[in-house]
Amino acid sequence: MTSDYNFAFLDENTKRMLRRALLKAVAIPGYQVPFGSREMPLPYGWGTGGIQLTAALLGPDDVLKVIDQGADDTTNAVNIRRFFARVTGVATTERTSEASVIQTRHRIPETPLREDQILVFQVPEPEPLRTLEPREAETRTLHALADYGLMHVKLYEDIAQYGHIATSYDYPVLVDGRFLTSPSPIPKFDNPKLDRSPALMLFGAGREKRLYAIPPYTHVESLAFDDHPFEIQRWEQQCQLCGSGDSYLDEVVTDDRGSRLFVCSDTDYCGQRRAEPAA
Amino acid sequence: MYVAVKGGEQAISRSLELLAEARRGDPSIPELSLDQIREQLRLGVARVMQEGSLYDEELAALAMRQAAGDMLEAIFLLRAYRTTLPRFGYTRPLDTNAMRVRRRVSGTFKDIPGGQVLGPTYDYTQRLLEFGNVASEPSTQSDAPLPDAMPRVLDLLDAEALIERADAGSDPEPIDLTRDPMMFPADRATRLQNLARGDEGFLLGMAYSTQRGYAESHPFAGEIRMGEVDVVICPEELGFAIEIGSITLTECQMINQFHGGNGLAPQFTRGYGLSMGEGERKAMSMALVDRTLRCDELGEPSVAPAQNQEFVLSHSDSVEASGFVQHLKLPHYVDFQAELSLLRTLSKQHARQHAAEDMRAPETKP
Amino acid sequence: MSALLQVRGLSHHYGQRVGCQDVSFDLHPGELLCIVGESGSGKSTLLKTVAAQLTASSGSVRYHQRDDSWLDLNELDEAGRRRLAREEWGFVTQNPRDGLRLNVSAGANVAERLMAKGMRNYGQLRAIAKGWLERVEIDPARVDDAPTSFSGGMQQRLQIARTLVTQPRLVFMDEPTAGLDVSVQARILDLLRRLVNELGLAAVMVTHDLAVARLLAARTMVMQGGRVVETGLTDQILDDPQHPYTQLLVSSVLTT
């Protein structure tokens with residue numbers, strides 16, 4: 001642990017500011033709370049929102065897991081884990097079940113989470129309406145009035161053009177029947193895990209200076225039409241390492257002749273399954 | 001046997017070694033000292049301080065060396081360091097009226113009280129590369145030393161009531177943009193803070209666009225001044241003001257023609273720019289963009305990009321922009337996988353449709 | 001029968017300049033009122049102030065709600081104003097591009113207000129959209145086409161469908177046929193007259209064209225310099241104008 005910096009890099013006043021904002025976020029599920037995002041020693045867009053939230057949450061006894069794309073060993077995950085090891089000295093783990101705080105980019109672990117765990121998402125664009133309406137002043141008004149017809153225009157258009165809703169990740173959800181919310185760029189495969197999750201889910205967007213929360217056991221609905229219900233991705237293949245038939249699969253190109261290998265995106269889940277083969 | 005893409009940890013540490021080696025270059029050549037950077041690359045140091053929002057020449061020089069001259073990286077380093085600094089308080093507003101001027105020019109009058117003072121400027125160099133060593137002859141001392149404070153050119157117009165009043169008292173207390181998030185619509189004090197931290201190249205381009213018809217602004221450089229200004233704080237526990245030093249600043253006041261509107265009489269209006277160190281290009285760009293962003297207040301139609309405050313203020317910051325553009329380097333393979341499956345579905349659908357249409361085609365021909 | 005809209009002493013000023021001044025009128029259910037005048041006479045300002053798109057400098061607008069209560073628009077907050085605009089009213093702009101979403105299909109344009117009201121069945125939305133395209137004389141086969149591929153007249157008819165799909169009680173129209181060819185204008189006016197009758201709409205329409213007023217409106221208001229100079233039955237005003245300005249307007253139409 002480097003002593004030139006305060007525990008978890010941020011000073012205590014900044015952490016207090018973040019915790020207050022987080023409490024507000026938990027009190028209003030799905031509402032984007034503006035906060036005084038700080039400049040972190042990692043670039044904007046690389047997880048500064050998640051890092052600030054994690055910094056505000058961590059205590060000396062916490063056990064931290066960091067994943068990117070579901071994997072613990074991708075360079076960005078390694079880098080963030082190294083950062084926290086350096087500025088907090090907390091224990092880190094690759095095991096989902098051992099972690100008290102999990103910071104993630106683009107995935108929700110396959111292993112079900114528990115009430116004593118917090119999942120922190122890195123969010124590049126917290127505003128689900130942004131691509132449809134670029135003006136922040138206007139999108140805030142739409143949220144205030146729960147005026148979400150625009151989002152359904154987009155879904156309608158998808159069906160009209162492609163025959164089905166063509167949003168495969170960052171699939172918009174309605175939290176607690178009130179706020180239209182971005183689940184961050186997780187594949188829609190992970191959306192059902194948001195609904196009534198026992199674990200607290202926190203979302204941080206550093207560059208956009210917004211944070212929001214999905215409290216435990218909150219109803220989270222993926223938008224759809226009555227006659228075009230929400231569906232998740234399915235594979236014909238099973239994981240070629242652990243044989244899992246119900247996890248999100250990465251497609252790995254194994255040679256230049258187009259050979260493909262399908263393996264679990266969640267490296268810990270896959271590893272655990274291989275270590276303890278089904279008896 | 002498939003081997004997972006492991007070893008991020010080791011790859012990073014090897015990359016850091018390579019970076020250190022590349023940054024240092026040929027070890028037989030002496031390393032740049034921070035003094036050398038501060039003294040001989042002072043305009044670079046000024047930009048890093050300005051956009052890094054931290055007036056510290058030593059740290060700015062360190063950041064420039066560590067960033068191997070990449071200014072945006074140096075600015076980023078300084079900003080990240082700044083986050084960890086405790087906040088003891090806020091200074092009193094800087095009094096640029098009392099600036100000890102080293103340069104001061106105006107495009108609006110031939111001569112002005114206090115005179116046009118060129119000072120150290122690249123303006124009238126002939127941009128010929130000087131192949132020899134830089135001459136280090138001492139500069140000629142002026143016979144008449146410059147006065148301690150100079151009147152402002154815009155005050156001359158103010159006396160005639162031709163320019164809008166800038167009442168110091170009417171401004172609300174500004175928010176601190178490094179502590180509070182930007183909210184829209186942003187007031188002028190907030191906009192100016194954002195522009196002050198904004199990327200010089202971005203602001204230059206925005207300012208330039210206003211001169212080329214994307215927003216009418218008809219600007220004149222009312223006054224540009226550069227020199228030293230005292231920094232004063234008033235600690236609560238003391239209860240009286242103390243001077244903690246002085247900093248170099250460049251200030252630009254633009255004058256813009258305004259034909260009246262929104263209930264306001266025809267008059268000259270103001271655009272304001274301020275930059276740490278010698279940052280004239282930045283201060284001028286900022287002043288042009290500041291004036292252009294006042295379109296709503298002045299009842300001007302808002303049509304050009306430089307008039308759209310959400311557009312300008314949301315995209316001015318190089319640390320935000322650089323981070324987000326470059327985050328595309330990070331792995332996105334989970335989402336890419338999702339898009340890949342989607343595209344395969346769409347392309348199968350497309351092929352089926354075409355096949356069906358081809359089958360039907362002969363029958364539907366007239 | 002009680003009025004649907006009650007406008008009293010309504011003014012809107014742009015700084016020192018008068019937009020419209022001291023305008024009063026009642027609009028009844030099923031009635032189409034035309035506001036005529038030259039450009040700059042304040043008729044569009046009046047329309048936007050009545051429709052609560054501009055804030056009144058003085059005066060009042062009251063709207064008679066379905067539950068028989070009166071709503072004072074001055075006291076309406078942003079949420080209420082948007083709800084009214086979305087669910088009870090419609091606004092047809094002069095340039096259809098201002099009233100349409102150009103980046104989504106014709107069908108999505110028509111269905112948007114229904115989705116905003118909570119309709120969540122794609123098949124049903126699409127069927128209604130097609131039905132409305134037919135009603136405004138656009139080939140339903142073009143339901144998935146972008147409005148940008150439509151002619152100006154088709155775009156305006158699409159805007160009308162998009163506005164009327166939720167069966168609003170009151171529609172505001174700002175020069176809906178200006179900028180279109182004469183033959184195209186005639187078709188749209190015909191369509192409007194038919195739809196207004198079929199749906200029993202109340203409407204306020206701004207036009208500089210007296211012939212439009214003659215064709216559509218039972219009652220007409222003439223504006224000059226921000227004020228109403230004459231108001232009455234359209235035929236009466238056109239055949240026997242009382243105010244010198246109206247006389248000028250009528251005679252200038254006759255001589256051209």
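**A colleague's note on chains A, B and C**

1. Let's start where chains A and B meet: the contact takes 46 residues from chain A and 40 residues from chain B. Two residues are in contact here if their C-beta atoms, placed from the backbone, lie within 7 Å. On the chain A side, helix 3 (75-88), helix 4 (136-144) and strand 11 (249-253) each supply at least two residues. Helix 3 of chain A gives the most, with four residues. By type, the chain A side that touches chain B divides into 18 nonpolar, 16 polar and 12 charged residues.

2. A word on ground rules. This is a predicted model, in which local features need pLDDT of at least 70 and side-chain atom pairs count only at pLDDT 80 or more, while totals for chains, interfaces and linings use all residues. Residues are numbered from 1 along each chain as its sequence is written, and chains are lettered from A and ligands numbered from 1 in the order in which they are written.

3. Now chain B by itself. Its domain assignment gives domain 1 (9-82) and domain 2 (96-122 + 141-316); such bounds come from an automatic or database domain assignment. The centres of these two domains of chain B, taken over C-alpha atoms, are 29 Å apart. Their contact takes 10 residues from domain 1 of chain B and 11 residues from domain 2 of chain B. The domain 1 side of that contact in chain B divides into five nonpolar, two polar and three charged residues.

4. On to chain C, which has 10 helices and 10 strands. Helices (H or I, at least four residues) and strands (E, at least two) are DSSP runs, numbered from the N terminus. The radius of gyration of chain C is 18 Å, close to the 18 Å that the globule rule gives for 256 residues, so chain C is as compact as a globular protein of that length. That radius is taken over C-alpha atoms, and the rule is 2.2 Å times the number of residues to the power 0.38. The C-alpha trace of chain C spans about 55 × 45 × 40 Å along its principal axes.

5. How much of chain C is buried? Of its 256 residues, 44% count as buried, meaning that 20 or more other C-beta atoms lie within 10 Å of the residue's own, with C-beta atoms placed from the backbone. Among contacts in chain C between residues at least 6 apart in sequence, 65% join residues at least 24 apart.

6. Chain C has an open sheet of four strands in the order 2-1-4-5, with antiparallel pairing. Two strands pair if DSSP finds at least two bridges between them. Strand 2 (17-27) and strand 5 (70-72) of chain C are the edge strands, each pairing on one side only. Strand 1 (residues 5-14) and strand 4 (residues 58-64) of chain C pair over five bridges, and C:Q6 has C:R62 as its bridge partner in strand 4.

7. Strand 9 (residues 219-224) of chain C is worth a look: five of its six residues are buried. Strand 9 pairs in the parallel sense with strand 3 (residues 32-36) of chain C over four bridges, where C:V36 is partnered by C:V222. Strand 9 also pairs in the antiparallel sense with strand 10 (residues 227-233) of chain C, over six bridges. There the bridge partner of C:M221 is C:T231. Strands 9 and 10 of chain C form a hairpin with two residues between them, and C:G225 in the turn has a positive phi of about 55°.

Note on methods. Nonpolar A, V, L, I, M, F, W, Y, C, P; charged D, E, K, R; others polar. Buried ≥ 20, exposed ≤ 12 C-beta atoms within 10 Å, placed from the backbone.
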